[in-house]
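Please open the structure in your viewer and keep the selection tool at hand.

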Amino acid sequence: MIDKNDEYFMKKALIMAKIAAKNAEIPVGAVIVKEGEILACGRNRRERGKNALYHAEIEAINKACKCLNSWRLLGCELFVTLEPCPMCAGAIINSRISRVIFGAYDPKAGACGSVIDLFSYPYNHLPQKCGGVLKEQCGDILSNFFKKLRPPTD
């Protein structure tokens, strides 16, 4: 279910996605919020960092854990512009994030319902999820990035 603040925080995640794009990274941004306050932000950095783990969600989770001085992010919400992949969904489950809000669906690697729904398995923690928040804006930034990266050939 979409909360009245979901679009506000998704717009903050979109800012992070735009920063990633400016740095030649796939434009995915993430924001972690607790009690209406932003604790941490993250963006993709895989190309510059040369590391498969440098996803926006992982960066935001890492920063939020440091901010709270805890690996448990109970009561936190994660806003991310693209449906989390299996690695990020696992990190979300393990960090005990309470709610995940994502923008664009990912039909190739989405682990919140598009390819698989890891949040529907009987793990020790099951976050709530809400997909499609500002999905057009979140999808457009990805589409435009890949159009520039791979221009059509005639």
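Which residues does Leu73 touch, not counting residues up to four places away in sequence? The model under view is a predicted one. Select Leu73 and display its surroundings: Leu73 touches Ile32, Ile61, Ala64, Cys65 and Leu68, and also Ser95, Arg96, Ile97 and Ser98.

**Two positive phi angles**

Arg96, one of the residues touched by Leu73, deserves a selection of its own. Arg96 is placed in the loop between α4 and β4. Its phi is positive, about 65°, although Arg96 is not a glycine. Is Arg96 buried or exposed? Its relative accessibility is 17%, so Arg96 counts as buried; the cut-off for that class is under 20%.

Now move to Ala24, in the loop between α1 and β1. Here too the phi value is positive in a residue other than glycine, near 60°. Ala24 counts as exposed because its relative accessibility is 53%, and the exposed class begins over 50%.

**The aromatic cluster**

Select Tyr8, Phe9 and Phe79, which form one aromatic cluster. The structure holds 5 aromatic pairs. In the pair of Tyr8 and Phe9, the ring centres are 5.0 Å apart and the planes stand at 80°, so this pair is edge-to-face. For Phe9 and Phe79, the ring centres are 5.3 Å apart and the planes lie at 40°, so the pair is tilted. This second pair links distant parts of the chain, with Phe9 in helix α1 (residues 6-22) and Phe79 in strand β3, 70 residues apart.

Tyr8 counts as partly exposed, at 46% relative accessibility. Phe9 is buried at 5%, and Phe79 is buried at 1%.

**Along strand β3**

Stay with strand β3 (residues 76-82) and select Thr81, which is placed within it. Thr81 has a relative accessibility of 0% and therefore counts as buried. What is Thr81 in contact with, leaving aside its neighbours within four places in sequence? Its contacts are Met10, Ala13, Leu14, Ala17, Pro27, Val28 and Gly29, together with Gly103, Ala104 and Cys138.

**The largest pocket**

For the last stop, select Ile26, Val28, Leu82, Asp106 and Ala109. These residues lie nearest the centre of the largest pocket, whose lining comprises 17 residues. Val28 is also one of the contacts of Thr81. How many residues of each class make up the lining? There are 10 nonpolar, 2 polar and 5 charged residues. Colouring the lining by class will display this composition in the viewer.

Note on methods. Residues are numbered from 1 along each chain as its sequence is written. This is a predicted model: local features need pLDDT of at least 70, side-chain atom pairs count only at pLDDT 80 or more; totals for chains, interfaces and linings use all residues. Side-chain values use heavy atoms; hydrogens and water are left out. Helices (H or I, at least four residues) and strands (E, at least two) are DSSP runs, numbered from the N terminus. Buried means under 20% relative accessible area, exposed over 50%, partly exposed in between (1.4 Å probe, protein chains only). Contact means heavy atoms within 4.5 Å. On a 1 Å grid over the protein atoms alone, a cavity is a set of points where a 1.4 Å probe fits but cannot get out, and a pocket is an open set with protein on both sides within 12 Å along at least five of seven lines; lining residues have an atom within 4 Å of a point. Ala, Val, Leu, Ile, Met, Phe, Trp, Tyr, Cys and Pro count as nonpolar, Asp, Glu, Lys and Arg as charged, and the others, Gly among them, as polar. Rings of Phe, Tyr and Trp (its six-membered ring) pair if their centres lie within 6.5 Å; planes under 30 degrees apart count as stacked, over 60 as edge-to-face and the rest as tilted.
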